[in-house]
Amino acid sequence: MTAPFRPTVLVIGHGMVSQRFLECAVARGLHVSHRLVVIGEEGRALSIDRVSRTVKTDVGELVDFDMLVLATGSKPFVPPIDGSDAPGTFVYRTIDDLEAIADYAAGCRTGAVVGGGLLGLEAANALRLLGLTTHVVEFAPRLMPALLDEGGAALLRKEIDALDITVHCSKAAASVVTSPDRGVTTGLSFADGSTLDADLVLFSAGIRPRD
């Protein structure tokens, strides 16, 4: 007996909003009457053909859909400074990012994270666990300025210091310093004229909508 036709609901993106949509869909029994298919960023969608109702992925696969949900979320914000795209600079969002960071870190001794928010501190700890001497650079005068007052930030600073992660507050990154011979990352320069040596620079300076 032929299985009954089930329309396909294709979701592009698999962040918090996408996951919540899927949970609600299953809770309402949509998975019984429809096929639920998700394309996350690791299997990135490249284009949508509305006529044929297909989505093309980065490996050339065509995914059919009857209904399409766009939940593409946000992308990391990288400050528009010189050298921000040099070899040895990274963002911290996807599995691909993590794998690239781990591979590159194998040949590094020092890493710097630009951004002292929640994700930046998580990224700094990841670099520490990879064996790098780690620095956190924050433009504001305290860590997690959007979430913590001065007292809370001071307590957090003690915890971060205890992990042997060096924190630099009130620092504005002006450029990524690169080697003159190979053009790879060697550190950061700041608006006040100071510099910081780093073999790897990781940007965690907020997000922008991927619209």
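Me: How do the residues lining the second largest pocket divide into nonpolar, polar and charged?
Reply: They divide into 19 nonpolar, six polar (Gly included) and four charged (Asp, Glu, Lys, Arg). This is a predicted model, with local features needing pLDDT of at least 70 and side-chain atom pairs 80 or more, while totals for linings use all residues. Numbering starts from 1 along each chain, and side-chain values use heavy atoms, without hydrogens or water.

Me: What counts as a pocket here?
Reply: A pocket is an open set of 1 Å grid points where a 1.4 Å probe fits, with protein on both sides within 12 Å along at least five of seven lines; lining residues have an atom within 4 Å of a point.

Me: Which residues lie nearest the centre of the largest pocket?
Reply: Gly15, Glu41, Thr72, Ser74 and Arg210 do, out of 32 lining residues. Helices H1 (16–27), H3 (95–105) and H4 (118–129) each give two or more residues to that lining, as do strands E3 (45–49) and E7 (74–76). Helices are DSSP runs of at least four residues, strands of at least two.

Me: Which element gives the most?
Reply: E3, with four residues. The lining of the largest pocket comprises 15 nonpolar, nine polar and eight charged residues.

Me: Switching to E1: why is it largely enclosed?
Reply: Five of the five residues of E1 (8–12) are buried (under 20% relative accessible area), so the rest of the structure largely encloses the strand. Thr8, Leu10 and Ile12 lie on one side, Val9 and Val11 on the other.

Me: Which strand does E1 join over five bridges?
Reply: E2 (residues 35–39), running parallel; there, leucine 10 has valine 37 as its bridge partner. E1 also pairs with E6 (residues 67–70) in the parallel sense over four bridges, pairing requiring at least two.

Key: Buried < 20%, exposed > 50% of the residue type's maximum accessible area, 1.4 Å probe, protein only.
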